[in-house]
Amino acid sequence: MKPIHLLIAESDPLVLFSIGQVIRYFDNYLVVDKVENVDDALERMKVVPVDLVIVGGADNIEQWKNFFNAGSRAKLLMLVQDPSKELVQEAISYGVWDMILRPAPPERLRFSLEMFRYRHIYGEALEYPIAQERLDAIFFPRERHQQIISGTIKNSEMLEKVLQLIEEHEDPQSAGEIASVLNVSRITVRKYCEALVNTGKLHVKNKYQAKGRPIKQYFLS
């Protein structure tokens with residue numbers, strides 16, 4: 001999967017640190033740069049590809065409207081302090097990806113980035129003829145997220161077994177390692193693990209090998 005190019009426009013060091021703590025749990029977000037404001041972000045986007053921009057302190061409509069007037073195809077995730085009704089309505093009309101009140105709760109930011117990741121993944125994986133469920137996953141990622149969660153973790157006994165096994169190991173575990181112990185398929189385990197990642201109970205990272213694709217490993221939050 002191609003990396004998601006992320007640009008951060010934020011001047012507050014504490015907010016930058018908080019954003020960084022959330023991003024480090026994703027293996028497919030590539031931070032191309034960190035700048036202080038929308039104008040600097042626009043200049044940077046002239047020379048580097050960007051899929052998503054996290055912009056802080058964007059309560060002034062005119063401050064970020066230039067972003068869309070410049071014709072950028074990147075999506076905007078706004079961190080706002082005290083948004084007016086007009087700001088929210090303008091954001092909706094311009095197709096802003098998401099709006100989060102400051103100080104941005106880590107889990108709320110993580111949820112937004114996870115949803116954007118879903119849209120990116122399903123957009124990249126489209127094959128003709130295109131099925132409606134694929135379109136639903138792209139245009140309604142939050143609803144798709146809930147469907148995945150509710151459809152995957154119905155077996156509470158298996159859920160507890162997966163969590164217990166990960167708790168018993170100090171090192172992160174792959175779906176294959178868990179599956180071999182529980183005597184179930186790797187695909188089944190991975191569905192449970194991904195669902196638990198999406199609910200914030202597990203984290204995931206990539207283990208890179210000399211050859212072949214990286215292996216996803218799961219560990220407790």
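Buried means under 20% relative accessible area, exposed over 50% and partly exposed in between, computed with a 1.4 Å probe on protein chains only. The model is predicted, so local features need pLDDT of at least 70 and side-chain atom pairs count only at pLDDT 80 or more, whereas totals for chains, interfaces and linings use all residues. Residues are numbered from 1 along each chain as its sequence is written, and side-chain values use heavy atoms, with hydrogens and water left out.

**View 1. Overview of the chain.** The chain holds 10 helices and eight strands; helices (H or I, at least four residues) and strands (E, at least two) are DSSP runs numbered from the N terminus. Of its 221 residues, 42% count as buried. A contact means heavy atoms within 4.5 Å. Among contacts between residues at least 6 apart in sequence, 56% join residues at least 24 apart.

**View 2. Ser 112 in helix α5.** Ser 112 lies in α5, which covers residues 106-124. Ser 112 is buried because its relative accessible area is 0%. Its side chain makes a polar contact of 2.8 Å with the side chain of Asp 98. A polar contact is a pair of N or O atoms within 3.5 Å; within protein, one must be able to donate a hydrogen and the other to accept it, and residues adjacent in sequence count only if both atoms are side-chain atoms. With neighbours within four places in sequence left aside, Ser 112 touches Leu 77, Trp 97, Asp 98 and Ile 100.

**View 3. Arg 102 in the loop between β5 and α5.** Arg 102 is placed in this loop and counts as buried because its relative accessibility is 18%. The side chains of Arg 102 and Glu 10 are joined by a polar contact of 2.8 Å. Outside four places in sequence, the contacts of Arg 102 include Asp 12, Val 15, Leu 79 and Gln 81.

**View 4. The five-stranded sheet.** This open sheet has the strand order β2-β1-β3-β4-β5 with parallel pairing. Its edge strands, β2 (29-35) and β5 (98-101), each pair on one side only. Neighbouring strands are turned by 20 degrees against each other on average, direction ignored. Two strands pair if DSSP finds at least two bridges between them; four bridges join β4 (residues 75-80) to β5. Val 80 stands opposite Leu 101 in β5. Helix α5 packs on the sheet, touching β1, β2, β3, β4 and β5, and its direction makes about 170 degrees with that of β5.

**View 5. Helices α1 and α5.** Helix α1 (residues 13-23) packs against α5 at an angle of about 55 degrees, with the axes 10 Å apart. The contact is made by Ser 18, Ile 19, Val 22 and Ile 23 of α1 and by Pro 106, Leu 109, Arg 110 and Leu 113 of α5. Axes are lines fitted to C-alpha atoms, for helices over the stretch in contact, and angles run from 0 to 180 degrees between N-to-C directions. The two helices are therefore oblique to each other: angles under 35 degrees count as roughly parallel, over 145 as roughly antiparallel, 65 to 115 as roughly perpendicular and the rest as oblique.

**View 6. The three-stranded sheet.** Three strands form an open sheet in the order β6-β8-β7, with antiparallel pairing. The edge strands β6 (173-174) and β7 (202-207) each pair on one side only. Six bridges join β7 to β8 (residues 215-220), and His 203 has Phe 219 in β8 as its bridge partner.
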